[in-house]
Amino acid sequence: MPHMLRHPPVRLALLLWGIAAAAYMVGFFLRVTPGVLNVDLMRDFHLNAAQLGNLASFYFYFYAASQIPTGIANDRFGPKILIVVGQAVTGVGALLFAVAGSFESAAVARALIGLGHGVAWVSLLELSAAWFAPRVFGTMSGLSLALGTLGAVLAQAPLLILSHSFGWRWVLGAVGVLCLGLSLLALLRIRNRPEDMGFDGYLPARKAQTLGEVGRGLGEVWRYRNTALLFIAPGGVCGAFLTFTTLWGMPFLVQQRQMSAGRASWVVASMLVAFSVGGVLWGRVSDRLRRRKLPYLLGGVMMLAGFGLLVAWPQAPWSLLLLALLLSSVGSGGMVVGFAWAKESVPQRLAGTASGVHNTGVMVGALVQLPLLGWVLDQFWTGQQAGGARLYDGTAFQAANGVLLAWIALSVLCVLLARETHARPYAVAVAPG
């Protein structure tokens, strides 16, 4: 009698995914907290804009550095241990940040948060691929990104309200305890594959690469032109968005557009939602058209138009400025096309390495731009302060946003120069005819 496939029940798969997705969401919350807490952080740690940018960027330094090792570790050990350890490290980082008394101790805490959360996205995708049928993997990826975005939304107005009621240190301390609880829950409940619980799996077993093979692959992947171009491209298309929503958007809206902090936080939250919608939209358009370059390019052009308005006419009517911010956020979502594009731009045996390199590139823009924009703002500082925090005028913000605009332009140029794969694997894409 033939063996009848007995895949895991959906409710079980959703439970395990839900634990991992909650861990990803909480880490996303911690990623963007400096934007809302910018005044508190500048006052409590006696920071100028460059120092605040450096503090925020410590997350991205260690997040970016963790991407390639995370891919290797997932192949060797599976996602469970990475989720457990990563969430524990994130929780410790949040607790240390809550009690930090100096810039140095806060930077170490921020680095731990970035390192711990850096394993979450790839591990969540690995868990989703193992526990859900391949036909719904795209849907689960979209839901995962949407849940992460929800974490960022909660770090806007809700965080502002809670920090005013209880103090930002108590709020981040509570989030740290939540992270440790999720780490324990992941340890007790998550399993790497359905086979570990006696079910039939969806994926064939795969052989993990040796360290020598990984090293050779990292060297070889750069021989393909698209690797470098697609490494640079998200630094502007996505990096500028991350830099604005993570930190410098709130000061721009409050100081340049005279908004209340509460209203500005809702604007940033709306941008995060628009980014999530854009990711789903551009991904579907790319798959349907079987084109990678066109959706990515259109998204980049939307970013250029939106940030071009911030630079050329920062005092534009509010309705026009809001439209520009939301459309640029939707355009930034086009960077999701780059993940598939990068894998299709190299031979299949290098696809995993290419994904790790590309995901690192996504973060490089933000980790450079966050402190760079702070330095630019400080160069134009006129000496004004309020409540222990520096205030910057329109010229300072125009210069800072001009840096982002130039970076976006470079990214669009890289997209233009990259080779179209027509949504096909490398061997097919380069075949004659």
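Start by selecting helix H12 (225-237) together with helix H13 (residues 239-256), and you will see, in this predicted model, two helices that pack at an angle of about 35 degrees, with their axes 3 Å apart. To see where they meet, show the side chains of Pro234, Gly235, Gly236 and Val237 on H12, and of Gly239, Ala240 and Phe241 on H13, which make the contact. The residues of this contact between H12 and H13 divide into four nonpolar, three polar and no charged.

If you colour the lining of the largest cavity by residue class, it divides into five nonpolar, four polar and no charged.

For the second largest cavity, with about 50 Å³ of space, select Ala20, Ala23, Ile83, Gly86, Gln87, Gly116, Val119 and Ala120, which line it. Here helix H1 (10-31) and helix H5 (79-99) each supply at least two lining residues, while H5 gives the most, with three. The lining of this second largest cavity divides into five nonpolar, three polar and no charged.

Return now to helix H18, and pick out Leu372, which is found in that helix. Leaving aside its neighbours within four places in sequence, Leu372 is in contact with Val403 and Trp407, and with a relative accessible area of 29% it is partly exposed. If you draw a distance from Leu372 to Ile68, you will find their C-alpha atoms separated by 25 Å, although the two residues are 304 residues apart along the chain.

Next, select Arg390, which lies in strand S2 (residues 389-390). Is Arg390 buried or exposed? At 18% relative accessibility, Arg390 counts as buried, because the cut-off for a buried residue is under 20% relative accessible area. Not counting residues up to four places away in sequence, Arg390 touches Met42, Asn48, Gln255, Asp378, Trp381, Gln384 and Gln385. Among these, Asp378 deserves a separate look, for a polar contact of 3.0 Å joins the side chains of Arg390 and Asp378. A distance drawn instead from Arg390 to Leu115, 275 residues apart along the chain, gives a C-alpha separation of 30 Å.

Finish with two residues in loops, where the backbone is the thing to inspect. Most residues other than glycine have a negative phi. His46, in the loop between helix H3 (38-45) and helix H4 (49-77), has a phi near 55 degrees, a positive value in a residue other than glycine, and with a relative accessible area of 70% His46 is exposed. Then move to Gln258, found in the loop between H13 and helix H14 (261-289), where phi is likewise positive and near 55 degrees. Gln258 is exposed, with a relative accessible area of 58%.

Key. Residues numbered from 1 in each chain as written. Predicted model: local features only at pLDDT ≥ 70, side-chain atom pairs only at ≥ 80, totals over all residues. Heavy atoms only, no water. Helix = DSSP H or I, 4+ residues; strand = E, 2+ residues; numbered from the N terminus. Buried < 20%, exposed > 50% of the residue type's maximum accessible area, 1.4 Å probe, protein only. Contact = heavy atoms within 4.5 Å. Polar contact = N/O pair within 3.5 Å; in protein donor to acceptor, adjacent residues only side chain to side chain. Nonpolar A, V, L, I, M, F, W, Y, C, P; charged D, E, K, R; others polar. 1 Å grid on protein atoms, 1.4 Å probe; cavity = no way out; pocket = protein on both sides within 12 Å on 5 of 7 lines; lining within 4 Å. Points joined across faces, edges and corners; volume = space filled by probe spheres on them. Axes fitted to C-alpha atoms, helices over the stretch in contact; angles between N-to-C directions.
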